[in-house]
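Colleague: Before we discuss any single feature, could you put the model on the screen and take me through how you would read it?

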Amino acid sequence: MTKPKRAVANLLSSPLHTIVGLDLLVTGLILLTHRHYFFWPPWPSWVIEVENGIAVALIGVVAGLGMFYWAISTEKSIRLNRILIPTASAYFTFLAVTEFLHGLFAPIGTPHMYTGALSELIMTVITLYMAKTSPTRYDR
């Protein structure tokens, strides 16, 4: 089997890692290009600077690429999986909570924060399901 065919077969054999990786990558890239996405809380200003900073965006990009790497690789590293799944879960939880709170303070008629928060919450549930079903334990 050629390398591209093997990579596609591996991606299809790990669909949750592929889906979560794609969502993390796209979310991270969106946050990287939209540096004023978060506007809550109004003070202290350093919180908004951190939320809109490069670090938060890069966590999504790197975790997304890591999920793709794990899905494509023939040897599924349990150690890497044990790092990626909690990182993704924490990242989605952070975004969901922040976006729900943004929704409380957004002007009336701008529901995008609520829909984003709901999407992030669904991705959190998926990552928790992955933690339960994905290989995360060493064989003894």
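**Reading the surface and the helices**

Modeller: The protein chain exposes about 8,700 Å², of which carbon and sulfur atoms supply 72%, with accessible areas taken from the Shrake-Rupley method with a 1.4 Å probe, and only the protein chains shown counting as cover for residues. This is a predicted model, in which local features need pLDDT of at least 70 and side-chain atom pairs count only at pLDDT 80 or more, while totals for chains, interfaces and linings use all residues. Residues are numbered from 1 along each chain as its sequence is written, and side-chain values use heavy atoms, with hydrogens and water left out.

Colleague: How many helices and strands does the protein chain have?

Modeller: Helices (H or I, at least four residues) and strands (E, at least two) are DSSP runs, numbered from the N terminus. Here the protein chain has 6 helices and 0 strands, and its C-alpha atoms fill a box of roughly 55 × 30 × 25 Å along the principal axes.

Colleague: What share of the residues of the protein chain counts as buried?

Modeller: Buried means under 20% relative accessible area, exposed over 50%, and partly exposed in between (1.4 Å probe, protein chains only). By that reading, 40% of the 140 residues of the protein chain are buried.

Colleague: What span should helix α6 have, and how far apart are its end C-alpha atoms?

Modeller: The expected span of a helix is 1.5 Å times one less than its number of residues. For the 22 residues of α6 (residues 112–133) that gives 32 Å, and the end C-alpha atoms are 32 Å apart, which agrees.

Colleague: Which residues of α6 are buried, and why do they line one face of the helix?

Modeller: An α-helix has 3.6 residues a turn, so residues three or four places apart point the same way. In α6 the buried residues are M113, G116, A117, E120, M123, T124, T127 and M130. Seen down the axis of α6, these buried residues fall within an arc of 130° (the arc of the directions from the helix axis to the C-beta atoms), so they line one face. The cover over them includes α2 (15–33), α4 (54–72) and α5 (78–105), whereas the face turned away carries the exposed residues V125, L128 and K132.

Colleague: Where does A131 belong, and which residues does A131 touch?

Modeller: A131 is found in helix α6 and, at 34% relative accessibility, counts as partly exposed. Contact means heavy atoms within 4.5 Å, and, not counting residues up to four places away in sequence, A131 touches I85 and T136. A131 and L84 are 47 residues apart in sequence and 9.8 Å apart in space, C-alpha to C-alpha.
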